[in-house]
Amino acid sequence: MTKSPLFETLPDTVPLSYLAHGRTGDKGNHSNISVIAYEPQSWPLLLAQVTEARVAELFAHRRPSRVTRYLLPQLQAMNFVLEDVLEGGVNDALNLDGHGKSLSGLLLSLPITRPAPPAP
């Protein structure tokens, strides 16, 4: 991993929001959440730690029927599709966020652990 001033000043564990930003969209009862690295140097770490399994675990309370990760390596970005998490979608949900716009905030709270520096 290339050295980055941002990356080197971080504590050992940080929320994903320190390394990336996100955006949320919806289609019916499904939510899609993009994660875009601020710096290309963070991309390998995001690939390793922002996985389908970790995202499914983070959103377990929403009971997704499936979580799929799509990679956009040229953009150092990924898109997650979480199926059946919007309580029926915008026209059927009684919750205050039927579009699921706040879900990217939850994903950006995912803890990311900085790898230990290589041994001398």
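**Fold and sheet**

Tutor: From the N terminus on, the protein chain runs α-β-β-β-α-α-β-β-α-β, with helices (H or I, at least four residues) and strands (E, at least two) taken as DSSP runs numbered from the N terminus. It's a predicted model, so to speak: local features need pLDDT of at least 70, side-chain atom pairs count only at pLDDT 80 or more, and totals for chains, interfaces and linings use all residues. Residues are numbered from 1 along each chain as its sequence is written, and side-chain values use heavy atoms, with hydrogens and water left out.

Student: In what order do the four strands of the open sheet sit?

Tutor: Strands count as paired if DSSP finds at least two bridges between them. Here the pairing is antiparallel, and the order is E2-E3-E5-E4.

Student: Which strands stand at the edges?

Tutor: Look for strands with a single partner, because one side of each is then left without a neighbour in the sheet. That picks out E2 (20-27) and E4 (66-72).

Student: Over how many bridges do E4 and E5 pair?

Tutor: E5 covers residues 77-83 and pairs with E4 in the antiparallel sense. Within this pair, Thr68 stands opposite Val81 of E5. The bridges number seven.

Student: What percentage of the residues is buried?

Tutor: Buried means under 20% relative accessible area (1.4 Å probe, protein chains only). The protein chain has 120 residues, and the buried share is 36%.

Methods. Buried means under 20% relative accessible area, exposed over 50%, partly exposed in between (1.4 Å probe, protein chains only).
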